Amino acid sequence: MHDRICGIETEFGCLVRDPKLGSAEAVVETVKDYAFTEKKLGLIDLHARDYAFEPARGGGFLVNGGRLYVDAVGDHEEYASPECSSLFDLITWDRAGQRILQEILDETGLAEQASFHNNSVDHFGGHTFGCHENYLVDLDADHFQHSLGFLLPFLVTRQIFAGVGRVGGHRLNHSSLKDNVMELGEHVADTLWVSHIYGVEIDESVDFQLSQRADHIVRTIASRVRFNRAIINPKWETFYAFNHLHRLHVLFGESNMMEYAAALKVGTTRIALELVEEGWVGNEVLLANPLEALKSVSRDPKWRWLVRKTDGSTIPAVDLQRIYLDAAKKRCSGVDEETDWVLREWEATLDTLERDPMELDDRLDWVAKRKLMESYMESEGVSWRDDILQSLDLEYHNIDSASGLYYGLQEIGAVHRITSDESVQRATHRAPGNTRAGARARVIQSLIKSGSRRYVIDWDGVYLGKHAPATGSAHNFGFVLDRDRSSGKSLHLELRDPFKTYDREVKQFMEEI
């Protein structure tokens, strides 16, 4: 198998319980600023990465190799993990983002009035926000669309183990806003590149479904995704590309609280990408309508999860997943311990889903959540139509270990852990040591100590010098580097290879600072 760099970006919902505290947007800004100015967890951007979506001082890179910033669309706190080559590292550093945010709420005294939620939907407000996955892939632009046709069936059916579950549903109305519950924000990013809008309505025809985002996906592949949300958003930025490899940005992902489900989601996707890149799966997996399958699997109350193939036949999602699994067992078994773990757990999970999904309540979010809801309904005499269930749905994703429902399960030993609290805590201030994230983090730590105010930092490089912008735009980053490097007036650490640790280059760079 190819070595593969992966990362996760999570947009957190923010709930403010005390109106005196101000808006959720104000809390998000306070937390972001505290991370950089008080906790010194990283360096805030002095330049605009994008004037609409990532303005100057909208976020920055962290000493743990990740990135914390405010997503201008919806004003969510967003954490991007560092580049990881190990599956289990990725789960640990993803969880470190939650730990960082909760520590800030605790230290600022905001935790009693505000909370962050690792979820992907606003039940009453009609909004959805994402947990996006990034994979370094060997798919060039000429074959991109064709190749992804063989990946989409995997992505739309993996929700049978990767879905986080949700109470109720939403319905998109493209012809009327009469019953719309969603409000647009006032930020320019909320309407930039939007050619049409639709209404989001409460759909009471569904009690519970596997996915929080399936109702909102309207495209298989799209680059502009506001009111046009897709399963995949193709991204070809140079700072994510290396040696003809590119970033595959999976939009249809959800915020797993269960570490096992998160690891299985990413691990199986890594293997599925290998199968697609090498041409090891064929027309037997192609679906007639991936978007229809996405929604029907999510909403199937009988958990048969039938999807229709291009030849007109139907197949259960479990069996479709087995096609990928069987191909992977032939090609990928014995490659390394992580891959063998994924193959073993993938098979065991599919077998259990076919037998009795409820047996997976310690590993899969949608199962654990479903059991919690059913137990509460039985004890309190309420139904799926009672608003309290949607509130409980939200509290399942509360990242505060003192009050979140998921953490209540973890406290009593009712969840299967992949990482440990100690490892997560270390990952809040240390970067992975086997990718370029560690090099970037070491330079950031040095710059924090030196108090430098002239820098530009990005995923693939660090630039210092008297010509580096204290404020302004990073759009001319590459031009400035070339100009100043040739004149000897600046320092440039190039981090093009995401697999490389750059130990020698960092040492030399820091000696020259």
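In what order do the strands of the open 3-stranded sheet run, and is their pairing parallel or antiparallel? The order is β15-β16-β17, with antiparallel pairing; strands count as paired if DSSP finds at least two bridges between them. Strands (E, at least two residues) and helices (H or I, at least four) are DSSP runs, numbered from the N terminus.

A quick note on the ground rules: this is a predicted model, where local features need pLDDT of at least 70 and side-chain atom pairs count only at pLDDT 80 or more, while totals for chains, interfaces and linings use all residues. Residues are numbered from 1 along each chain as its sequence is written, and side-chain values use heavy atoms, with hydrogens and water left out.

Strand β16 (residues 461-465) pairs with β17 in the antiparallel sense over 5 bridges, and G461 has E494 of β17 as its bridge partner. Helix α16 (residues 503-512) packs on this sheet, touching β16 and β17, and its direction makes about 165 degrees with that of β17.

Now for helix α6 (residues 259-278), which packs with helix α9 (residues 337-355) and also crosses helix α8 (residues 317-332). Axes here are lines fitted to C-alpha atoms, for helices over the stretch in contact, and angles run from 0 to 180 degrees between N-to-C directions.

| Helix pair | Angle | Axis distance |
|---|---|---|
| α6 and α9 | about 110 degrees | 9 Å |
| α6 and α8 | roughly 80 degrees | within 10 Å |

So α6 is roughly perpendicular (65 to 115 degrees) to α9, and α6 is roughly perpendicular to α8 as well.

Contact means heavy atoms within 4.5 Å. With α9, the α6 side includes Y260, L264 and R270, facing residues that include W341, W346 and T349 of α9. Those contact residues divide into 8 nonpolar, 4 polar and 3 charged. (Ala, Val, Leu, Ile, Met, Phe, Trp, Tyr, Cys and Pro count as nonpolar, Asp, Glu, Lys and Arg as charged, and the others, Gly among them, as polar.) With α8, the contact is made by I271, A272 and L275 of α6 and Y324, A327, A328 and C332 of α8; that gives 7 nonpolar, no polar and no charged residues.

Just after α10, G381 takes a positive phi of about 70 degrees.

Note on methods:
Angles under 35 degrees count as roughly parallel, over 145 as roughly antiparallel, 65 to 115 as roughly perpendicular and the rest as oblique.
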